[in-house]
Structure formats: structure tokens, C-alpha cells
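Reader: I want to learn how to read a few features in a model. Where do we begin?

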Amino acid sequence: MGQQNVTELPGFVLMGVTQHPGLQPPLSVTFLAIYILTVVDDLGMILLTRLDSRLHTPMYFFIRHLAFIDLGNSTVICPKMVVNFVVDQNTISYGACATQLAFFLLFIISEFFILSAMAYHRYVAICSPLPYNVVMTQRRCHVLVGIPYLYGTFQSLLFTLKIFTLDFCGPNVIHHFYCDDVPLLPMLCSNAKEIELLIVVFSAFNLTSSLLVVPLSYVLILTAACRVRSAEGRRQAFSTCGSHLAVVVVFHGTLLSMYLQPESTHSFETDKIASVFYTLVIPMLIPLIYSFRNREVKNALRRVFKDQC
């Protein structure tokens with residue numbers, strides 16, 4: 001086949017989650033249900049932490065931004081995927097693909113470091129309770145949230161512009177269910193080694209740097225909690241970390257399982273399975289984890305409904 005510049009074509013073809021026609025109807029219903037639940041959960045968490053004055057604390061400030069990121073991440077991917085299932089036409093325009101890639105990278109990278117900021121917040125709350133209000137000021141909370149957004153925007157623009165300012169050649173088929181950077185590289189006309197190297201370097205930095213902050217924070221938290229004499233005090237210290245630690249394990253565990261696969265078993269198919277978890281399932285689970293394990297959220301929900309009635 002001769003080389004053909006894809007930028008002159010209507011767009012790309014997404015291979016989707018599966019090529020089995022019999023699986024597409026149940027999967028479309030499942031993913032639509034997951035997305036609706038994600039919107040209700042994350043939007044509910046955002047509104048609840050805004051409406052209830054007792055949740056106007058640093059911890060719920062971070063949770064609100066985490067819910068916003070998860071809602072954005074899921075919205076960038078899921079509606080388009082469900083539409084493709086329904087109309088059985090897995091196409092995406094050139095501009096829409098670039099936009100999807102940019103926002104996906106922004107949200108996923110921001111989530112790495114929002115979780116790290118939350119680990120630091122837990123460390124300050126437990127290990128330095130007396131100067132807590134002095135350390136975790138509103139300005140510092142905005143800085144801890146703003147830096148991940150700025151860094152995510154930088155990396156998102158870097159890779160989107162590097163990829164989409166080059167020409168695409170040959171079959172315009174993306175072996176994925178959304179536009180991601182790695183599946184786009186084989187379609188580039190020019191040598192993509194530089195972009196591939198940048199992806200590896202930044203991915204390794206994002207994963208390792210964010211993971212270093214979390215274990216370090218929890219080692220210090222564990223040390224401080226062990227100094228607490230009362231069993232009730234230790235229980236309260238650990239209970240405040242349980243939800244965040246569960247989220248970190250689910251999120252980073254999914255990504256590590258993808259990155260640490262042996263080369264012999266690694267494929268786009270296994271990447272798709274991991275991608276379904278961190279783009280669709282995890283955004284649905286995170287607000288549920290914080291809701292079910294958090295008495296303050298439950299009480300706030302009761303107060304909001306009581307005020308409305």
C-alpha cells in the first residue's frame with residue numbers, strides 16, 4: 001500500500017474494545033451504565049463538597065478536584081466509545097482525536113500528583129496536627145492542586161503537538177478504543193523514536209515520583225501513629241488514611257500491572273483491559289470508596305437532603 005497522508009482523510013478508525021459483534025451490545029450497555037454511575041458519583045461529590053459548609057476543609061478540597069479529574073477522564077473517553085458501539089462506526093475525526101488525546105493526558109497526569117498531594121496532606125494532618133492550620137492554608141492547597149494541573153497541561157500539549165504536527169501515513173487504524181499516544185506512533189511517517197523516548201522518560205518519572213511521595217508519607221504516618229498511646233487514637237489515624245490508600249492501590253496497581261508486564265505477554269489487547277479500568281472503572285469506584293468509608297460524607301448527604309426537603 002502506498003503512503004497516504006491521513007490528515008487529508010476524514011479521520012481515524014478506532015478498533016474498539018472488542019471485534020466480536022456478539023459482545024458489543026452487552027458491553028455498550030455496561031459501559032453506559034458505568035458512565036452514568038460515574039457522572040452521578042463524581043458530580044454528586046463535587047456538589048456535596050461545595051454545598052455543605054462542614055466539608056469546606058483541605059481534605060475535601062482535594063477530594064473535589066480528584067472527582068473533577070475522574071469525571072473529566074471518563075467523559076473524554078466513554079461517550080464516544082458508547083456512540084461507536086451504537087452506530088457501529090468506529091471513526092473519529094482528526095481534530096477530535098487530538099482533543100481527546102490532549103484532555104486524556106491532562107487528566108491522567110494530574111491524577112498522579114493530586115493523589116501525591118493528598119498523601120502529603122494526610123501526613124501533615126496526622127504528624128503535625130498542631131500547626132496543621134498554619135501549614136495547610138487555602139493558598140497552599142491551591143498551589144498543591146495547581147501544580148499538577150499546570151504540569152499535566154504542559155505534558156499534554158507537548159505530546160499532542162509533537163504527534164499531530166507530523167504527517168501520518170498508511171492505514172489510519174488505531175488499535176485502541178480511544179486516541180492514546182503510543183497507538184498513534186506506528187502511523188507516523190517520520191521516525192518516532194524521539195517521541196517514544198519522551199513517552200518512556202515522562203511515564204517513568206510520573207509513576208515513580210508520585211509513588212515515592214505516597215509510601216514516604218505513609219511510613220511517616222505509621223511511625224507517628226505508633227507513638228499514639230491510645231488504641232482509639234491509632235484507629236482514628238489509620239481510618240482517615242484508609243480511603244486514600246485504597247484509591248492509590250487501585251489506581252497505581254492498575255498502571256503498574258500494565259507497565260511491568262513481560263515483553264512476551266505485552267500487547268495492545270492487555271493494554272486495552274488495563275485502560276478500561278483506569279479510564280472507566282476507577283473513576284466510578286473512587287467516589288464510592290470515599291462515600292462508603294467516610295462518615296462525614298454520609299452525614300453531609302443527609303444534611304443536604306434534609307435542607308432540600
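Author: With burial. A residue is buried when its relative accessible area is under 20%. Keep in mind that this model is predicted.

Reader: Is Q100 buried or exposed?

Author: Q100 counts as buried, because its relative accessibility is 5%. Q100 sits in helix 3, which spans residues 94-127.

Reader: Which residues does Q100 touch, beyond those up to four places away in sequence?

Author: V76, I77, K80, I92, Y178 and C179.

Reader: Next, the nonpolar core. What is the general idea?

Author: In soluble globular proteins, nonpolar side chains tend to be buried together. Now the case here. The largest nonpolar core has 85 residues.

Reader: Which members of this core touch the most other members?

Author: F12, F31, I163, F164 and L184. As for origin, helix 3 supplies the largest share of the core, with 17 residues.

Reader: Take I163. What is I163 in contact with, leaving aside neighbours within four places in sequence?

Author: I163 contacts L101, F168, D181, L184, L185, L188 and I195.

Reader: Last, salt bridges. What is the idea?

Author: Side chains of opposite charge can pair when their charged atoms come close. The cut-off is 4 Å, from a Lys or Arg side-chain nitrogen to an Asp or Glu carboxyl oxygen.

Reader: How many salt bridges does that rule give?

Author: The count is 1. E194 and K162 form a salt bridge through their side chains, at 3.2 Å from N to O. E194 belongs to helix 7 (residues 193-227) and K162 to helix 5 (residues 138-164), so the pair ties together parts 32 residues apart in sequence.

Reader: How accessible is K162?

Author: K162 is partly exposed, at 27% relative accessible area.

Notes
Residues numbered from 1 in each chain as written. Predicted model: local features only at pLDDT ≥ 70, side-chain atom pairs only at ≥ 80, totals over all residues. Heavy atoms only, no water. Helix = DSSP H or I, 4+ residues; strand = E, 2+ residues; numbered from the N terminus. Buried < 20%, exposed > 50% of the residue type's maximum accessible area, 1.4 Å probe, protein only. Contact = heavy atoms within 4.5 Å. Core = buried A, V, L, I, M, F, W, Y, C linked by side-chain atoms within 4.5 Å.
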